Structures are given as C-alpha cells and as structure tokens.
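Visitor: I would like to understand the labels used for this model. Could you walk me through them?

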Amino acid sequence: MEYSPILAPVVALVAWTLAMMIWMMVARRRAFAQLGITWGTIPRGSRGKDLDGRAPDEAQWPSHNYNHLMEQPTIFYAIALTLALMGMGEGINLWLAWGYVGFRVIHSIVQSTVNIVAIRFPIFALASLCLLGLTVHAGARVLHDCGLI
C-alpha cells in the first residue's frame with residue numbers, strides 16, 4: 001500500500017507525544033511521592049495544574065510540555081494530512097514536516113530539563129516557521145486550483 005511520505009513525520013510526532021506522556025507520568029509519580037499524595041488522597045476533580053506551586057517545578061515541566069504538544073501540533077496534523085490528501089507530501093513539504101517534528105522534539109527536551117525560555121522560544125519560532133511554510137504551500141495550491149492566483 002502506498003502512502004504519502006508526509007505521514008511519517010505525523011506518526012513520529014504522535015509517538016514523541018506518547019513518550020512525553022510517559023515522561024510526565026514518571027515525573028508526576030515522583031512528585032506525588034514527595035508530597036505524600038496517594039491514589040486514595042487525591043481530591044476529586046484534581047487536575048495536573050493544581051500541582052503548580054506545590055510540586056517541584058522540574059516535576060511539572062514535562063506536564064507543561066505535554067500540554068503544549070496538544071496545542072500547536074494539532075495544526076501541524078491538520079496541514080500535514082491536508083498536504084497528503086493534495087498529493088503534496090513530498091519534497092520541501094516533507095523536509096518542513098520533519099523540521100517541525102525535530103524542532104518540537106528539541107523544544108520538549110529543553111522545556112522538560114532546563115526550561116530556559118531564551119532557548120525554548122527560538123526553537124518554538126523555528127518550528128512555527130516550518131508550520132507556516134507548510135500552510136503557505138497548501139494555501140497557494142488551494143488558491144491556484146480555485147483560479148485565484
């Protein structure tokens with residue numbers, strides 16, 4: 001069965017997100033133990049962000065990153081699938097997709113370890129530029145096919 005090559009970075013980012021989920025769970029388990037929290041003592045309706053200010057910051061950073069992987073990457077998934085359906089999942093778009101995934105992985109590692117915004121932000125910006133490039137390519141194709149350019 002043939003598939004668009006741009007689906008490989010989509011699968012890679014999903015796999016990375018699941019890896020970050022595991023990292024988050026391990027970090028949270030340690031924080032729970034340090035705070036004396038057990039399954040039986042977690043208040044009803046508690047959320048992970050309730051640990052902000054209580055658990056060590058380092059224990060929360062993987063969680064914050066996992067949440068970030070639920071935000072902007074949803075746009076990446078949409079545009080990558082759009083490009084795959086348009087038959088545009090190769091060449092520069094494939095490179096941009098892998099660039100996006102690579103920068104998001106680096107961003108995750110930085111945020112979950114040292115969490116220095118001055119390092120994180122340029123990495124996030126580079127990932128965003130890759131996403132912008134993918135979107136411009138898809139948008140230009142749509143406009144072209146509609147006869148607008």
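Visitor: What makes Arg104 a residue without a salt bridge, and which side chain of opposite charge is nearest?

Guide: First, a word on the ground rules: this is a predicted model, in which local features need pLDDT of at least 70, side-chain atom pairs count only at pLDDT 80 or more, and totals for chains, interfaces and linings use all residues. Residues are numbered from 1 along each chain as its sequence is written, and side-chain values use heavy atoms, with hydrogens and water left out. Now to your question: a salt bridge is a side-chain nitrogen of Lys or Arg within 4 Å of a carboxyl oxygen of Asp or Glu. For Arg104, which is buried, the nearest side chain of opposite charge is Glu71 at 6.6 Å, and no salt bridge is found. Lys and Arg count as positive, Asp and Glu as negative, while His and the chain ends are not counted.

Visitor: What does the side chain of Arg104 contact, then?

Guide: Arg104, in helix H4 (residues 91-113), has a polar contact of 3.1 Å with the side chain of Gln72. The term means a pair of N or O atoms within 3.5 Å; within protein, one must be able to donate a hydrogen and the other to accept it, and residues adjacent in sequence count only if both atoms are side-chain atoms. Helices (H or I, at least four residues) and strands (E, at least two) are DSSP runs, numbered from the N terminus.

Visitor: Why is Asn93 called buried?

Guide: Buried means under 20% relative accessible area, exposed over 50%, and partly exposed in between (1.4 Å probe, protein chains only). Asn93 has 4%, so Asn93 is buried. This residue also lies in helix H4. Its side chain makes a polar contact of 2.5 Å with that of His137, and one of its side-chain polar atoms lies 2.9 Å from the backbone oxygen of Met88.

Visitor: Why does Ser108 get its burial label?

Guide: Its relative accessibility is 0%, so Ser108 counts as buried.

Visitor: Why is Arg141 called partly exposed?

Guide: At 32% relative accessibility, Arg141 falls in the middle class and therefore counts as partly exposed.

Visitor: What makes the nonpolar surface patch, and which residues belong to it?

Guide: Leu126, Leu129, Leu132 and Val136 make a patch of about 370 Å². Patch residues have over 30% relative accessible area and no salt bridge; like charges are joined within 9 Å, and nonpolar side chains (Val, Leu, Ile, Met, Phe, Trp, Tyr) within 5 Å. Areas come from the Shrake-Rupley method with a 1.4 Å probe, and for residues only the protein chains shown count as cover. Leu126 lies in helix H5 and has 39% relative accessibility, so Leu126 counts as partly exposed.
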